[in-house]
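Student: Could you take me through the ligand site in close detail, and then the aromatic pairs as well? I'd like one connected walk-through.

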Amino acid sequence: MEQTVERKKRIFSGMQPSGELTLGNYLGALKNWIKLQDEYDCMYSIMNMHAITVRQDPAELRKRSLEVLMQYIACGIDPEKSILYFQSHVSAHAELAWILSCNTQMGELSRMTQFKDKSKKHADNINAGLFTYPVLMAADILLYQADLVPVGHDQLQHIELTRDVANRFNFHYGETFTVPEPYIGKTGARVMSLQSPENKMSKSDPNPNGYIWLLDPEEVIIKKFKRAVTDSDTEIRAGEDKPGITNLLTIYAAVTGKTVEEAEKEFSGFGYGNFKQAVGEAVAAELTPVREKFAQLQSDKAYVEDIYKKGAETAAKIASKTLRKVYKKVGFVAW
Ligand code: TYM
């Protein structure tokens, strides 16, 4: 009897090496990436081509890109299970982005909130790459025929655009791309700043007390949580009127795998000081092994190099299959 081997569903995701990775990146994305590794074929890339849409210092970018890769591994991404590589090592990303940009409307791109935010923030450098950023992101995902894209809440609009572009291409040229779904975790998809809990925790925050860096030492983590902005009330509960406390409860829940309701019960009757200390300790306990593993990896450059070179080779093979198919569909002469 003929046996059919079912392909595992594919996952694609990545992070920009445009700053230090934060607890937001970890809880919103990385923690889910780790969880999904056994069930799916996973590809996790370092999006260095996206990072240069904002001016970067070249030496810093190179260093940070390697550090992001090492942080993926230190957090628990297993290079034996998942494909890890740098976006710039697979030229098909840029090639597919061109084709897709001819199938994306200016109006769609001008509605992207990330573009609007970043053009305000970098008013002296509103470059074309910043505008077409979501097209490159669509290419990243569609090249690998990804089924699922695990991201934090802020990336949903980009995934929606990716789906629109894929559907449009499939409609005009015939079935070509898998239309991907976003994967958003139950808790941790929107981690907010510890200093201004109405804003997202971000690696580009100029105030380091607003974010937890994945490699912050234990005492720094606890200190930052102790300084977290809350409110003048005394009650530990989640609610729109309590953004600071809600954020801390969410972080605690996401780190420990509990629900926010369970966290509320656990801390009922606590003072804010002890509550903040407990959340800080839980986060520090989660991140201490990450910091230790990262230090080990830093002294093993050959191992790390081997991972990203092999990763790029495998990724390029998968990508070139899609790209050839796309070239044929749009009418380019075969070579
Ligand atoms: P980036 O580099 O800003 O963030 C990487 C991932 O971390 C998530 N994230 C958060 N989640 C919860 N709370 C926060 N405060 C928080 N901050 C960041 C982001 O949602 C993201 O999942 N455009 C992407 C990078 C990218 C990409 C891709 C992602 C390029 N191509 C293809 C997926 C697939 C970005 O800027 O993420």
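Tutor: Let's settle one term before we start: a polar contact here is a pair of N or O atoms within 3.5 Å. With that cut-off, tyrosine 133 qualifies, as an N or O atom in its side chain is 2.6 Å from a nitrogen atom of the ligand. Keep in mind that this is a predicted model.

Glutamine 16 puts a side-chain N or O atom 2.8 Å from a ligand oxygen, and asparagine 25 has a polar side-chain atom 3.0 Å from an oxygen atom of the ligand. As for cover, the ligand taken alone exposes 720 Å², and the protein buries 97% of that.

Now for the shell itself. There are 27 residues around the ligand, and those that come nearest are Gln16, Tyr133, Asp140, Asp154 and Val191. By type, the shell splits into 12 nonpolar, 10 polar and five charged residues. Where do they come from? Strand β1 (10-15) and helices α1 (23-36) and α7 (128-143) each contribute at least two shell residues.

On to the rings. A pair of aromatic rings is described by the distance of the centres and the angle of the planes. Searching the whole structure turns up 12 aromatic pairs. Take phenylalanine 12 and tyrosine 144: their ring centres are 5.5 Å apart and their planes meet at 5 degrees, so this pair is stacked. It joins distant parts of the chain, with phenylalanine 12 in strand β1 and tyrosine 144 in the loop between α7 and β4 (148-150), 132 residues apart. Phenylalanine 12 and tyrosine 144 are both buried.

Tyrosine 252 and phenylalanine 267 are arranged another way: the centres are 4.8 Å apart but the planes stand at 75 degrees, so that pair is edge-to-face. Tyrosine 252 belongs to helix α10 (residues 243-256), while phenylalanine 267 is in the loop between α11 (260-266) and α12 (272-298), so the pair ties together parts 15 residues apart in sequence. Tyrosine 252 and phenylalanine 267 are buried too.

How values were computed: Residues numbered from 1 in each chain as written. Predicted model: local features only at pLDDT ≥ 70, side-chain atom pairs only at ≥ 80, totals over all residues. Heavy atoms only, no water. Near = heavy atom within 4 Å. Polar contact = N/O pair within 3.5 Å; in protein donor to acceptor, adjacent residues only side chain to side chain. Areas by Shrake-Rupley, 256 points an atom, 1.4 Å probe, with all protein chains shown as cover. Helix = DSSP H or I, 4+ residues; strand = E, 2+ residues; numbered from the N terminus. Nonpolar A, V, L, I, M, F, W, Y, C, P; charged D, E, K, R; others polar. Phe/Tyr/Trp six-rings, centres within 6.5 Å; stacked < 30°, edge-to-face > 60°. Buried < 20%, exposed > 50% of the residue type's maximum accessible area, 1.4 Å probe, protein only.
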